[in-house]
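Me: I am new to this structure and would like to get to know it through a few questions. Could you walk me through it?

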Amino acid sequence: MPSIINFFLPALIAFAATYGIGKILLKPAFARYFIEEPGGNKLHRNPVPASGGIALFIGILFTALLFEGSLLFQNYFYILLAFVLLFLLGFIDDLKPLGWMVKLGAQLILIIGVVLLADLRIESVLLDYSFFKIPYTSSVFLSVSLLIFFVNAFNFIDGIDGLATTVALLFILGLMYFRIPFSPIFLMCTGAGLFAFRRLNKSPAKIFMGDSGSLSIGFLCATLFILFCEGDVHVLSTNLYSDQLRLPIASTLFWYPIFDTLRILIIRLSSGKSLFKRDKKHSYSLLLRVGYTHNQIIIVVVVLTICQLAICLLVAPRVGLIYYFMLQVVIWLGLHRMLLYIVQNHKKISNNS
């Protein structure tokens, strides 16, 4: 009975709260303030409210605070504060677009604050047979850069129904399995909230996450990435062969936002275009163009995530981290070439027909 109260009851309440609030936000009286119209670089065809972040925020945070408020404030006050402020930033942007410069500047201020105040940093590098501590200034710069990159990488993949929600859910569940040193109640509420929102966000989506959801959930994923990598090396998880696997496991679970964002940034830089201008060259956009459905794209991402995680667990302990990451780069280049081949083949078929 205590395990049910401590874990499953908060999850059930977070699920019900997120789903129920999401249904309320679909009503015209609320939805009209957040309607995201189709057209331009948007991939949806019908007006959809982008207010799902509100349901996620309330369902996750308020339920976790209900069951573990004092401990959360005591251990993660500045992280929770940044989570709230990034939600508010996204909420304001959903109501009235702020522009990328204002939004990025606000993110930078908030993330620098949480890195310094919460000491949320990548502090060391643990390789195969070596360990070295990163100097404080370099550690702060690296951590701020990673958090900014991961938050926006997650925001970038929030382009088709259910994709960002599924990626975040896989990431949270994976870290829970490998026992991340973070509040299990909060993680259970997050997983349940994402699962509930997935019910409303699956294709055809009734509601979008919006920037309020993508910025706050993206920040949470980025924070957990760092906390998992910096977990106490003296406490070995029974589900980990070695603590050296923390970084490759975290990067594998979050591979799709990293891969797609790096790919887009390189393409935009090489073509001389703005890094922040929306386009339809994301991998999911290209797959949609050649006939894949939203659900099929999500299945592809999930299968590739599971396959890469299996490769990580089987290969990394045998070849070492440096060779594993070299292999990872080769895999990502192969996926990029395969994507180009699918698009080009589709064009040839279309031209011939």
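Reply: Happy to! One term first: a residue counts as buried when its relative accessible area is under 20%, as exposed when it is over 50%, and as partly exposed in between. Please also keep in mind that this is a predicted model.

Me: Thanks. Is Gln-328 buried or exposed?
Reply: Gln-328 is located in helix 13, which covers residues 321-352. Its relative accessible area is 6%, and the cut-off for burial is under 20%. Gln-328 is therefore buried.

Me: Which residues is Gln-328 in contact with, leaving aside its neighbours within four places in sequence?
Reply: Contact here means heavy atoms within 4.5 Å. With those sequence neighbours set aside, the partners of Gln-328 are Thr-252, Trp-255 and Gln-308.

Me: How many helices and strands does the chain have, and what share of its residues is buried?
Reply: The chain holds 13 helices and four strands. Taking contacts between residues at least 6 apart in sequence, 72% join residues at least 24 apart. As for burial among the 353 residues, the share is 47%.

Me: Are helix 9 and helix 12 roughly parallel or roughly antiparallel to each other?
Reply: Helix 9 spans residues 246-253 and helix 12 spans residues 294-319. They pack with their axes 9 Å apart and at an angle of about 170 degrees. Angles over 145 degrees count as roughly antiparallel. The relation of helix 9 to helix 12 is therefore roughly antiparallel.

Me: How do the residues of the contact of helix 9 with helix 12 divide into nonpolar, polar and charged?
Reply: From helix 9 come Pro-248, Ile-249, Thr-252 and Leu-253, and they meet Thr-305, Gln-308, Leu-309, Cys-312 and Leu-313 in helix 12. Sorted by kind, the residues of this contact are six nonpolar, three polar and no charged.

Me: Let's turn to the aromatic rings. How is the pair of Phe-57 and Phe-83 arranged?
Reply: The count of aromatic pairs comes to 21. For Phe-57 and Phe-83, the distance is 5.7 Å centre to centre, with 25 degrees between the planes. Planes under 30 degrees apart count as stacked. The pair of Phe-57 and Phe-83 is stacked.

Me: And why does the pair of Phe-83 and Phe-186 count as edge-to-face?
Reply: The ring centres of Phe-83 and Phe-186 are 6.2 Å apart. An angle over 60 degrees between planes counts as edge-to-face. The planes of Phe-83 and Phe-186 stand at 80 degrees, so this pair is edge-to-face.

Me: How many residues apart in sequence are the parts that Phe-83 and Phe-186 tie together?
Reply: Both Phe-83 and Phe-186 are buried. Phe-83 belongs to helix 3 (residues 52-95) and Phe-186 to helix 7 (residues 184-201). The pair therefore ties together parts whose separation in sequence is 103 residues.

Me: Which ring does the charged end of Arg-246 sit over?
Reply: A charge sits over a ring only within 6 Å of the ring centre and within 35 degrees of the ring normal. The charged end of Arg-246 is 5.4 Å from the centre of its ring, which belongs to Phe-228.

Me: Where is the cis peptide bond that joins Ser-203 to its partner, and which residue is that partner?
Reply: The bond has an omega of about -5 degrees.

Me: Is Asp-119 buried, partly exposed or exposed?
Reply: Asp-119 sits in the loop between helix 4 (100-117) and strand 3 (124-126). Although it is not a glycine, Asp-119 has a positive phi of about 55 degrees. With a relative accessible area of 37%, Asp-119 is partly exposed.

Me: One last stop: what is the relative accessible area of Asp-260?
Reply: Asp-260 is part of helix 10 (residues 255-271). Not counting residues up to four places away in sequence, Asp-260 touches Ile-157, His-282, Ser-283 and Tyr-284. Asp-260 is buried, and its relative accessible area is 0%.

Methods
Residues are numbered from 1 along each chain as its sequence is written. This is a predicted model: local features need pLDDT of at least 70, side-chain atom pairs count only at pLDDT 80 or more; totals for chains, interfaces and linings use all residues. Side-chain values use heavy atoms; hydrogens and water are left out. Axes are lines fitted to C-alpha atoms, for helices over the stretch in contact, and angles run from 0 to 180 degrees between N-to-C directions. Helices (H or I, at least four residues) and strands (E, at least two) are DSSP runs, numbered from the N terminus. Angles under 35 degrees count as roughly parallel, over 145 as roughly antiparallel, 65 to 115 as roughly perpendicular and the rest as oblique. Ala, Val, Leu, Ile, Met, Phe, Trp, Tyr, Cys and Pro count as nonpolar, Asp, Glu, Lys and Arg as charged, and the others, Gly among them, as polar. Buried means under 20% relative accessible area, exposed over 50%, partly exposed in between (1.4 Å probe, protein chains only). Rings of Phe, Tyr and Trp (its six-membered ring) pair if their centres lie within 6.5 Å; planes under 30 degrees apart count as stacked, over 60 as edge-to-face and the rest as tilted.
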